[in-house]
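Dear colleague,

I am passing on to you the structure shown below. Please look it over before reading my notes, which are set out after it.

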Amino acid sequence: MSNTFKTFAIVGAGGAIGQPVLESLLASNASKVVILTRPDSTSTFKPHAKQTVEKVKPDDANAVSAVLRKHGVEVLVSTVGFSGFEAQIHLVDAAKQAGVQLFVPSEFGSATEGMTDEGPLAVKEKVAKHAQSIGLPIVRVYTGLFTEHVPRLGVVEETGRFLVLNPGDKPLSLTSLPDIGGFLAYALTSLPLGKLQNATYRLEGERLSLSQIGTLYGKLKSVTVEHIDKFPDDLPKAALLNYLGKELNSGRAVSSYDRVQGRDLGPGALSNSLLEGHEWKTVNDVFRA
C-alpha cells in the first residue's frame, strides 16, 4: 500500500545533498516539488514541469508557513548544511502551522538521537525534539559520511595531502549522495505512512576506517597520506575538522550505532534492503568516477 504524499518542499536544494534529493523527487511519482530558497540566493535550478521556486526567509516561520499552505505541501524536507541546522527550529514551526504531515530534518550523517554533547551535530537532536514536542512527525535518515566529500575531510585541496586524524582505526559508514537521494525519494513516495512517521532509516554504502579510506584514496589518486594528531589551526574550518575527526574516531560514526543504547545495532539495523535491487556505490566506485 502506498502513501498519499505527492507534494513536497525542499530547503537547501542547491546544496550537496539537496541536489540529489531534488533530482530523485522530480524523477519520482511526486506531483509537485517546491524549492524554498533565500531571497538573496543566487542558486539557479533547471526548469522542470513539477518544480516551483519560492523565495522566502527560512527563519521567518509565518512566511514559510504561508508558502507551504499556498502549495498544499505535505512533506517538508530540509537538506541544509551546518550553518542552517539551528534555523530548522523555524522550519518545524512553519510546517506545523501549515498542516504539513511530515518533516525530514537534515540528519544525513551519523546517528544523533540521544546526543547530549555540545556542538553542531547536537543541534540536530534539539531540532528533532522540538518537532516531537509540538506533534510534528519526522523521519530521520542516517547515512554516515558522504562518500563524495571524503577528499574535503582529508583537506586534499588545501594541503595536497590526505590528512588522517589519529588513530583513524574506527569503522565509519560511507554512503554516496545519489544513493541517499534515491532512497529518500523512494521512501517518501512509496512507503506506508505508518512506516514514515517518527521513523529512523539507516543507510550504508560501505564501512571503512579513516586509515583504510586514506590508503585507498592515496593509491587511486597518487596522493600522499599523512597521519596527524590535530588539524593545523591555519586550515580553513580547522575547529570543525577537529570536532568531526573526534566524532569519527569515537566508534559512533556508523549508521547502525544507537546512542541511546550505546552500541552498534549491527547490519540488521540497516535499511538498504528496502530499495530492492539497488546497487549501492562503494568508496572505490566513487573515487574512480
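This is a predicted model: local features need pLDDT of at least 70, side-chain atom pairs count only at pLDDT 80 or more; totals for chains, interfaces and linings use all residues.

I begin with an open sheet, in which three strands follow the order E7-E9-E11 and the pairing is mixed. Strand E7 (145–146) and strand E11 (206–209) each have a single partner strand and stand at the edges, so one side of each is left without a neighbour in the sheet. Between E9 (residues 171–175) and E11 there are four bridges, and this pairing is antiparallel. Within it, Leu174 has Glu206 of E11 as its bridge partner. Helix H8 (residues 210–221) packs on this sheet, where it touches both E9 and E11. The direction of H8 makes about 95° with that of E11.

A further pairing involves strand E8 (residues 161–165) and strand E12 (residues 224–228), which run parallel and are joined by five bridges. Opposite Leu163 stands Glu226 in E12. Strand E8 is mostly covered, as four of its five residues are buried.

I turn next to helix H7, which covers residues 177–190. From the first C-alpha to the last, its 14 residues reach 20 Å, close to the 20 Å expected at 1.5 Å a residue. How much of H7 is covered? The helix is mostly covered, with ten of its 14 residues buried. Among the buried residues are Leu177, Ile180, Phe183, Leu184 and Leu188, and they also include Asp179 and Thr189.

Helix H7 also meets helix H1 (residues 18–27): the two axes come within 8 Å and cross at roughly 45°. H1 and H7 are therefore oblique to each other. The contact is made on the H1 side by Pro20, Val21, Ser24 and Leu25. On the H7 side, the residues taking part include Leu177, Gly181, Leu184, Ala185 and Thr189. Of these, Leu177, Gly181, Leu184, Ala185 and Thr189 are also buried residues of H7. The crossing of H1 past H7 is right-handed.

Lastly, I would draw your attention to Thr147, which lies in the loop between E7 and helix H5 (150–153). Is Thr147 buried or exposed? Its relative accessible area is 0%, so Thr147 is buried. Leaving aside neighbours within four places in sequence, Thr147 is in contact with Leu174, Thr175, Ser176, Val283, Val286 and Phe287. One of these, Leu174, is the residue whose bridge partner in E11 is Glu206.

Yours sincerely

Definitions and conventions
Residues are numbered from 1 along each chain as its sequence is written. Side-chain values use heavy atoms; hydrogens and water are left out. Two strands pair if DSSP finds at least two bridges between them. Helices (H or I, at least four residues) and strands (E, at least two) are DSSP runs, numbered from the N terminus. Contact means heavy atoms within 4.5 Å. Axes are lines fitted to C-alpha atoms, for helices over the stretch in contact, and angles run from 0 to 180 degrees between N-to-C directions. Buried means under 20% relative accessible area, exposed over 50%, partly exposed in between (1.4 Å probe, protein chains only). The expected span of a helix is 1.5 Å times one less than its number of residues. Angles under 35 degrees count as roughly parallel, over 145 as roughly antiparallel, 65 to 115 as roughly perpendicular and the rest as oblique. A crossing is left-handed if the near helix is turned anticlockwise from the far one by less than a right angle, and right-handed if clockwise.
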